[in-house]
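Subject: Structure for you to look at

Hello,

Please find below the structure I said I would pass on. Open it beside this email and follow along as you read.

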Amino acid sequence: MTQDPNVEAQVAPTEVGANAAEAGDRAVMTEPHDAYSDHEVITPHAVDGHVASRLDPDAPAVLEVEDLKMYFPVKSSGLVRRTIGHVQAVDGISFQVPKGGSLGLVGESGCGKSTTGRLITRLYQPTGGSMMFEGQDLAKLSNREMKPLRRDVQMIFQDPYTSLNPRHTVGAIVGAPLAVHGVVPKNKILSRVQELLEVVGLNPEHYNRYPNEFSGGQRQRIGIARALTLNPKLLVADEPVSALDVSIQAQVINLLQDLQKEFDIAFLFIAHDLAVVRHFCPEVAVMYLGKIVEIADRETLYSKPYHPYTQALLSAVPDVKQAAIGGRRERIRLEGDVPSPINPPSGCRFRTRCSLAQEICAKVEPPLLQIGPRHKVACHFAGELGQHPVAPVTAGLLGVDDHGSPTSSGPAATPLTSGPGYEKEWFDVKSRQMTSGAAG
Ligand SMILES: Nc1ncnc2c1ncn2[C@@H]1O[C@H](COP(=O)(O)OP(=O)(O)O)[C@@H](O)[C@H]1O
Ligand code: SF4
Ligand SMILES: [Mg+2]
């Protein structure tokens with residue numbers, strides 16, 4: 001209906017009361033009631049008793065996003081406000097989230113992660129693309145048709161200080177979705193709220209307290225309880241631990257992991273750095289300026305990333321294991337700022353900051369190619385760090401020469417556009433041929 005950025009009016013019922021004010025940093029700790037306070041916390045992704053989440057390659061997808069786009073109009077100033085351009089916040093991304101699994105979505109600030117989350121929860125109406133959830137395309141449903149599905153797809157917000165209304169008690173905040181959806185008789189709401197507080201590791205007797213009586217970590221638990229109220233099948237967690245102390249981050253991630261197992265909830269877990277998602281997400285997508293540039297299973301992405309941007313992001317992650325085996329990653333510095341999504345660079349959007357960029361990168365957009373059983377990358381010179389090929393791997397497929405000019409032979413017959421999932425055959429960048437990996 002609208003691409004107006006100020007579409008907060010479409011806010012899901014669970015966001016009622018969100019964003020009210022400046023509860024600020026006055027957090028007063030109530031007596032600690034923390035399910036994980038005994039754990040020695042070292043990093044957000046290594047806590048005793050919580051093994052990293054595993055990938056189930058056979059799990060069906062609960063969400064399939066294809067070619068999703070969100071362009072926010074940019075208006076001129078003055079009396080007659082004309083649309084003078086568009087912020088291409090999300091520009092044709094595809095991915096899937098497996099049932100009960102978790103996909104990480106990572107990238108620098110401004111690359112379109114929150115917009116993606118807000119599209120999936122339909123706080124925004126997409127400009128294009130589809131989002132298949134249990135046989136229905138969330139992109140095409142009216143607000144009325146969306147209402148029953150809002151129960152199934154919930155969101156956890158980044159900032160536990162601004163996402164809870166400071167004038168409402170915890171009971172009112174967590175109970176609001178129950179009241180809005182009328183799923184529990186009025187006289188049962190309190191007991192359900194208390195049950196949920198207990199589930200997230202808070203004292204159920206504290207339902208009458210106000211958000212400012214809780215610490216940041218506890219507030220995020222309240223936000224999580226609110227998101228759980230309606231038994232969602234998919235949770236979009238938008239940087240749920242970024243605002244928290246490192247020592248608290250791991251506790252909250254562990255809680256999410258426990259909840260995932262107990263209630264079989266699928267997660268789209270958004271973060272701005274690769275360290276945070278490593279423990280929780282067996283599969284990770286890396287975004288840059290509105291596009292997915294690489295997506296792979298954890299083992300592949302963290303040990304053999306093929307995209308220069310992923311390699312740079314990863315070089316900033318302290319890696320305990322690497323240090324232990326004497327390996328060391330040199331920090332790759334990204335030059336310059338992220339360009340504006342109003343007028344992104346031609347060809348590859350990363351080219352203005354990529355040390356490998358060549359002529360073809362400015363002329364032709366690299367397709368997101370499947371290059372392994374669960375690995376896709378969008379780079380003309382895709383390859384392991386320090387072993388990037390000299391000639392573009394994509395040229396033959398795209399029907400261009402090494403400089404990006406069209407050749408007479410034209411593009412390959414192989415379909416290049418990548419859907420949400422994985423094919424059984426992929427393009428092997430070393431042999432530059434399709435393979436199923438069966439041989440050898
Ligand atoms: N409501 C909006 N109106 C206009 N531009 C927006 C709006 N929301 C986000 N943007 C722009 O879209 C881009 C992506 O933003 P966002 O999704 O918030 O990124 P991230 O969550 O990765 O930091 C940014 O350039 C941002 O300024
Ligand atoms: S396509 Fe070119 S500019 Fe883009 S990441 Fe690859 S080498 Fe760098
Ligand atoms: Mg964000």
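The notes below go from the whole chain to single residues.

This is a predicted model, in which local features need pLDDT of at least 70 and side-chain atom pairs count only at pLDDT 80 or more, while totals for chains, interfaces and linings use all residues. Residues are numbered from 1 along each chain as its sequence is written, and chains are lettered from A and ligands numbered from 1 in the order in which they are written.

Whole chain

The protein chain has 12 helices and 14 strands. Both are DSSP runs numbered from the N terminus: helices are H or I with at least four residues, strands are E with at least two. Of its 440 residues, 43% count as buried. Buried means that 20 or more other C-beta atoms lie within 10 Å of the residue's own, exposed means 12 or fewer, and partly exposed is in between, with C-beta atoms placed from the backbone. Among contacts between residues at least 6 apart in sequence, 67% join residues at least 24 apart. A contact is a pair of residues whose C-beta atoms, placed from the backbone, lie within 7 Å.

The sheet

An open sheet is formed by four strands in the order β2-β1-β4-β5, with antiparallel pairing. Two strands pair if DSSP finds at least two bridges between them. At the edges are β2 (83-98) and β5 (136-137), each of which pairs on one side only. Helix α1 (residues 113-120) packs on the sheet and touches β1, β2 and β4 (128-133); its direction makes about 70 degrees with that of β2. For such angles, axes are lines fitted to C-alpha atoms, for helices over the stretch in contact, and the angle runs from 0 to 180 degrees between N-to-C directions.

Strand β1 (residues 61-75) is joined to β2 by 12 bridges. Valine 74 has glycine 85 as its bridge partner in β2, and valine 65 has phenylalanine 95. Between β1 and β4 there are five bridges; here glutamate 66 stands opposite serine 130.

An enclosed helix

Helix α9 (residues 308-315) is largely enclosed by the rest of the structure, because seven of its eight residues are buried. The buried residues are covered by elements including α7 (274-278), β9 (283-288), β10 (291-297) and α8 (298-303).

Ligand 2

Around ligand 2 are Pro308, Cys348, Phe350, Arg351, Cys354, Leu356, Ala357, Cys361, Pro366, Cys379, His380 and Phe381. To be near a molecule, a residue must have its C-beta atom, placed from the backbone, within 6 Å of it. The shell divides into 10 nonpolar residues, one polar and one charged. Ala, Val, Leu, Ile, Met, Phe, Trp, Tyr, Cys and Pro count as nonpolar, Asp, Glu, Lys and Arg as charged, and the others, Gly among them, as polar. Pro308 is also one of the buried residues of α9.

Single residues

Valine 170, in helix α3 (residues 170-181), is buried, with 27 other C-beta atoms within 10 Å. Leaving aside neighbours within four places in sequence, valine 170 contacts His206, Tyr207, Arg209 and Ile222.

Most residues other than glycine have a negative phi. Asparagine 231, in the loop between α5 (216-228) and β7 (234-238), has a positive phi of about 55 degrees. Asparagine 231 is exposed, with 12 other C-beta atoms within 10 Å. Glutamate 239 also has a positive phi, near 45 degrees, but counts as buried, with 22 C-beta neighbours inside 10 Å.

Regards

Note on methods
Two residues are in contact if their C-beta atoms, placed from the backbone, lie within 7 Å.
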